[in-house]
Structures are given as C-alpha cells and as structure tokens.
Amino acid sequence: MPRTNIKNNINKIIAIINIIKNINPKNIRNKIARGNAINKINIKYNLNLKSILFNFAITKAINMWIINIAIMIGLKEIKNYLDGSENPLIFFDDDSDGLASFLLIYKYLGKGKGIIVTHPILDESYLRKVEEYRPDLILLLDKHGISQEFIDKVNVPIIWIDHHPIIDVKGVKYFNPKFINIKDNRPTSYWCYEIVKENLWIAMVGIVADWDLEHYEEFCNKYKDLANPNLKEPPEVLFNTKLGLLAKLFTFILTGKSDDVKKSINILSRINDPYELLDKTTPRGKFIYKRFEKLNNDYERILHDALKN
C-alpha cells in the first residue's frame, strides 16, 4: 500500500479525535453525542488500524518477493558466466568461508585455478597470476576489497561475490547482499551454495565457521551424526559437533608453509564427502586429517603454555 494512503488513514483518525475534543461535556446532549462519537471513533479506529496493519503486511511481503527475485536474477547471471567459462581463475580469502566458497565453485565447474589472497585486498601484485594463467573469467570470493588498478588492467569479466561492507569500484560484476539489505551478513559460502546447489557439507563448513546457521536444519537432516538440531547458536555448533570440527580443520589447513597449504587445498578439492576426512576412509582423507592433527596439536601446546604462563 502506498505510504500516502497509510498517512491519509492516520489523518482520518486524528480528525475524528479532534471532533471529540470539540464536544462540550457540560451539555447532556453533547454527552450523548460524545458517547456516540466515541463509539464511532472506536469502530473507525479499529477498522483503520486493521487496514493499516494489513497493508503494511502486504507491502512487506511484496518487498520481500521483489528482493528475492532480484537476488535470484543476480545469482542466475553469475551461474551463466560460470557455465560459459572454459578457464576460470578463482581468487579467494584465506579463511574457512573463502576456502569453502572456492571449493563449491571449483567442484561445480570441475576446472579452473584457485589462488589464495593473503593481502588485505586483491591488488596489482596478483596481475602476474592473470598473465600466467590467461583466464577467460576471474572470480573473487569473500575478499574485503579489490583495487581499481587491478580491475583496469584486466580485460576479462570479473565477478566479485562478497558479504563485507560495500566498496565503490567500477568494472566488475559485484554481488553483495548488502546492496539490498545492509544488515544481511550471510557468508559468501552461503551464496556460492545458492548458485551451485551441491556439496551442502562444504557450504555448511564455511557458513558455521563464519558464525551463521543458514541451511543448518537441512544439514542436520542429511548428516544426523555430524550435528545437533537442538543447538541454536553458531558457537554451540562450532565447539560441540563434528561439523564444528570440520570448520576447525578448514581453518587450520590454511596455515603453515605455502606449498603445504596449496597441496592440502588441491587434495581437499578431491574429497567427496565429510566422512573421508572424519573417518579417514581414503588416502586423501588420511593425508588431510593427519596434517590437521599435527597443526591442532601444535596449537593446543602453544595455547596450554600461554595459559600456564
């Protein structure tokens, strides 16, 4: 409902109230008139209030529908770019959300090259990777920023999927939910999953690692032994479930020597389900989990010493 119509309804109510104020209560007839007027205002007020609330609800529903349509169009456009690419170059942030986002896109495409961005933003220093791989499409996932200099020197489409505060740049296909709702903080791995609609377990690792629980109920239904549907907050899930353990694994394998990190990500991109890691059912899973255990033991020792001192 247009706001002007809502305002008119409110003005009508105010007008009726002003009529009541002008009735002289000393006159008995006016008292009767006042009583009738009060009944009248109650009826009109209730009717107008219900109408306003109903129209607010309708307006909100229509706005949500429009927002969802806009998001679907944006995600569909990105998917079209992915489907048309033969040699994509995928830059991603060096955290669990960034890693999960890369894995979702890479496993969907079955091709491409992934590069971890350890700098605060994707800057000109990464242009040598573009020159080396000569991609037909560049993706930037979960990174806080990209330099205009980098954009200006690249002659292929750049798609940037992110959920951090909006940055003003030109020359990129920029998907960020904050353009529609500034309070929308859903992780990049959530949006990548909405594009590819596969490998829920990878998406959920990135989502919960970024302190969100989108798709958690769906995950609990599919992987009943890896999560607890009674847990309602991200920290509870992170510290009390096997899903949380996977999130920790994703975080830890991004640490250490560069070559070790690259090798771990390459192997992780060939892991097909979470049980390969948790139950070490394949050589790939055993390798990743063994490296995680070493890193975790080092971390626990350092933490213990720090707390002791």
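**The sheet and its helix**

Tutor: Ile159 stands opposite Lys173 in E5. The model is predicted, with local features requiring pLDDT of at least 70 and side-chain atom pairs pLDDT 80 or more, while totals for chains, interfaces and linings use all residues. Residues are numbered from 1 along each chain as its sequence is written, and side-chain values use heavy atoms, without hydrogens or water.

Strand E4 (residues 158–161) runs parallel to E5, and three bridges join them. Strands (E, at least two residues) and helices (H or I, at least four) are DSSP runs numbered from the N terminus, and two strands pair if DSSP finds at least two bridges between them. In general, strands of a sheet pair through backbone hydrogen bonds, either parallel or antiparallel.

E4 and E5 belong to an open sheet of five strands, in the order E2-E1-E3-E4-E5, with parallel pairing. E2 and strand E5 (173–175) each have a single partner strand, so one side of each of these edge strands is left without a neighbour in the sheet. On average, neighbouring strands are turned by 15° against each other, direction ignored.

The chain passes from E1 through H3 to E2 in a right-handed β-α-β crossover; right-handed here denotes a clockwise path from the first strand over the helix to the second, with the strands pointing away from the viewer.

H3 also packs on the sheet, where it touches E1, E2 and strand E3 (137–141), and its direction makes about 160° with that of E1. Contact means heavy atoms within 4.5 Å; angles run from 0 to 180 degrees between N-to-C directions, and axes are lines fitted to C-alpha atoms, for helices over the stretch in contact.

Helix H3 (residues 96–109) packs with helix H7 (residues 200–209) at an angle of about 160°, their axes 8 Å apart. H3 is therefore roughly antiparallel to H7, a term for angles over 145 degrees. From H3, Ser96, Asp97, Ala100, Leu103, Leu104 and Lys107 meet Ile202, Ala203, Gly206 and Ala209 in H7. The residues of this contact divide into six nonpolar, two polar and two charged, with Gly counted as polar.

Key. Angles under 35 degrees count as roughly parallel, over 145 as roughly antiparallel, 65 to 115 as roughly perpendicular and the rest as oblique.
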